[in-house]
Amino acid sequence: MACEEEVNKLKEQVTCALCGLLFKDPVTMGCGHTSCKECVAKLVVTKDGKVTCPTCSNDCSPIDIVDNELAAKLVETLKKILELSPSESNFCEKHNLPYTVFCLDDMQLMCDKTAKEHPNCRTIPIKEAAERFKNDVIDFLFPPPMPPPSLQKANLCLADSRQALGRREEKLQQALEFLEKQAKENAGRDEQMNLVDLKNQGDVVREKIENAFNALRKFLEKEQVTIQGQVEMQEEHFLQQLEESTTQSGVNPVTVDHLISDIKKKLPQEDIPLLKNIGTIFDKSGNLLKKPKELPIDLSQGGFNVPLQYAVWKRMFKHIEPVPMLLTLDPLTANAHLILSGDGTEVKVGEKQEDIPDNPERFSRWLSVLGSEGFSSGRHSWEVDVDESTVWQLGVAKASVPRKRGFAPFHWQESRKFFTPEPQAGVWALALQDGDYTALTSPPIELQIKDKLRRVGVFLDYSAGQVSFYNADDVSHLYTFKDTFTETIFPYFYIAHKGDTLKLITLGL
């Protein structure tokens, strides 16, 4: 094998003067010096249409630049000598110098030049670092028992002997075999665990959906049976009234038919016979053909001529949990620039700061307000009309959210000294800023929402640690935060522009 000195000389000859690395697609200029093709292409072309050689500073014409196949072969040969690959080298990529030390602070190899650039780093020779690593691996996988004091000195001597070195290498080999065995056993285990976890989550979601629809189906089936029973009762009532009316009028279909037949027979008789029996005919017809009592027989007027589905839908709300609730805003938390409506369901930015006390609960620097009611358990939902606001944030905040410190809007990333509404600060919210909808994570996530949001719904599941947002117009999902709640959570609102308004809404049922 070539000696190190000769290898270094060869390496210098096939190193580019521009990038300091081994030649890549080497080309030779008119002056005879060689560089990487890509590096030469980046050279500035003078007004004369020439480039300056980085080695000798002579001007060369681009047409005199040719590929250097010999230099390319020398690079390949050098790589084979050093047993290197294009992506792995024993030389520092930055300075193209061999590694000489190992940095204990950054846990990486360094050349002498890099070590000088980092004088405060703790460095040790590469061989010493490798020995330390081997010992650490062995001690981690096979921790040795603590030797008695009388044997410690002997063990130290033994550690310096060749026999101890061989034993250490044997243990390292055992450690490698152990790791390889573990790797084979664990192959695919992570993927399998992910599949199992995904299936378990799917089962939970499917069970939740099935339970929800089963509850609705049972309710609808019960409603159907109840309403059909009411129809049948109304029908029975009308039938009973008809029977009573028929009994009172004395009308019998058979008797009436006989009377009609008798009249038809007597009408053709002579005058005297006809007149003899005329009284009987009138008596019979008068008794039998009394006008029956008129009855309002119309089932559609029996309490069922209403929007049936709407009526059932309203009653269904008693069986849905949670139904969007009507919140009110807490005036003690509202920033002095905010104006709340008399019923506490609407907030807007005023023309000037209100003259109100700066109590501990009040937001002093941020145009925010909290809901009057906090939640420490259960599932809760509310909806907000955001149609008349151009900049807003809404969601939930923990009770200890900062009220007095300087606040920074979520898009001021450089103002980290201020409070920023994000989960780390105890705020889980959605925002509209500059026409973009954003989930206020850290960093914020821009949501791909095409149409303007008119109403936004917030769904809090305290025990599950979830805050979900949805488009209240079609109940389509927007974003879900997942966290762990340890204190009371309050509805959170923010608006910024004068004239902007947020309205808390309910279905009013």
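User: How many bridges join strand β6 to strand β7?

Analyst: This is a predicted model, in which local features need pLDDT of at least 70, side-chain atom pairs count only at pLDDT 80 or more, and totals for chains, interfaces and linings use all residues. Residues are numbered from 1 along each chain as its sequence is written, and side-chain values use heavy atoms, with hydrogens and water left out. Helices (H or I, at least four residues) and strands (E, at least two) are DSSP runs numbered from the N terminus, and two strands pair if DSSP finds at least two bridges between them. Strands β6 (residues 99-103) and β7 (residues 108-111) run antiparallel, and the number of bridges joining them is four.

User: Which residue takes a positive phi in the hairpin of β6 and β7?

Analyst: Across the two strands, Val101 stands opposite Met110 in β7. The hairpin has four residues between its strands, and the one with a positive phi, near 55°, is Met107.

User: What is the order of the strands in the open sheet of six strands?

Analyst: The edges are β11 (368-370) and β16 (445-446), each of which pairs on one side only. Strand β15 (residues 436-439) pairs with β16 in the antiparallel sense over two bridges, with Ala439 as the bridge partner of Ile445. Pairing in the sheet is antiparallel, and the order is β11-β20-β13-β14-β15-β16.

User: Which two residues does a cis peptide bond join?

Analyst: Most residues other than glycine have a negative phi, and most peptide bonds are trans. The proline concerned lies in the loop between β15 and β16. With omega at about 0°, the cis bond joins Ser442 and Pro443.

User: Is Asp434 buried or exposed?

Analyst: Asp434 lies in the loop between β14 (427-433) and β15. Its phi is positive, about 55°, although the residue is not a glycine. Buried means under 20% relative accessible area, exposed over 50%, and partly exposed in between (1.4 Å probe, protein chains only). At 65% relative accessibility, Asp434 is therefore exposed.

User: What is the relative accessible area of Val475?

Analyst: Val475 sits in the loop between β18 (466-471) and β19 (476-482). This residue, not a glycine, has a positive phi of about 55°. Val475 counts as exposed because its relative accessible area is 61%.

User: Which residues touch the most other members of the largest nonpolar core?

Analyst: A nonpolar core is a set of buried Ala, Val, Leu, Ile, Met, Phe, Trp, Tyr and Cys residues joined through side-chain atoms within 4.5 Å. Contact means heavy atoms within 4.5 Å; leaving aside neighbours within four places in sequence, the contacts of Val467 include Val396, Trp428, Leu460 and Phe481. A second, separate core of 11 residues includes Leu22, Cys36, Cys39 and Val75. In the largest core, of 50 residues, the members that touch the most others are Trp382, Trp392, Leu394, Val467, Phe469 and Phe493.

User: How far apart in space are Asp436 and Lys450, C-alpha to C-alpha?

Analyst: Asp436 is in strand β15 and counts as partly exposed because its relative accessibility is 35%. Not counting residues up to four places away in sequence, Asp436 touches Ala431 and Glu446. Asp436 and Lys450 are 14 residues apart in sequence, and their C-alpha separation is 9.7 Å.

User: How many residues apart are Arg379 and Asp461?

Analyst: A salt bridge is a side-chain nitrogen of Lys or Arg within 4 Å of a carboxyl oxygen of Asp or Glu, and by this rule the count is five. One of these joins Arg379 and Asp461 at 3.8 Å, N to O. Arg379 is partly exposed at 32% relative accessible area, whereas Asp461 is buried at 10%. The pair links strand β12 (residues 379-385) to strand β17 (residues 455-461), with a separation in residues of 82.

User: What is the N to O distance in the salt bridge of Lys503 and Glu388?

Analyst: Lys503 is in strand β21 (residues 501-505) and Glu388 in the loop between β12 and β13 (392-398), 115 residues apart. Lys503 is partly exposed at 27% relative accessibility, as is Glu388 at 46%. Their side chains meet, N to O, at 3.4 Å.

User: Which residue meets Arg454 in a salt bridge?

Analyst: Arg454 lies in the loop between β16 and β17, and its partner, 19 residues away, lies in the loop between β18 and β19. Arg454 is partly exposed at 39% relative accessibility. At 2.9 Å, N to O, the partner is Asp473.
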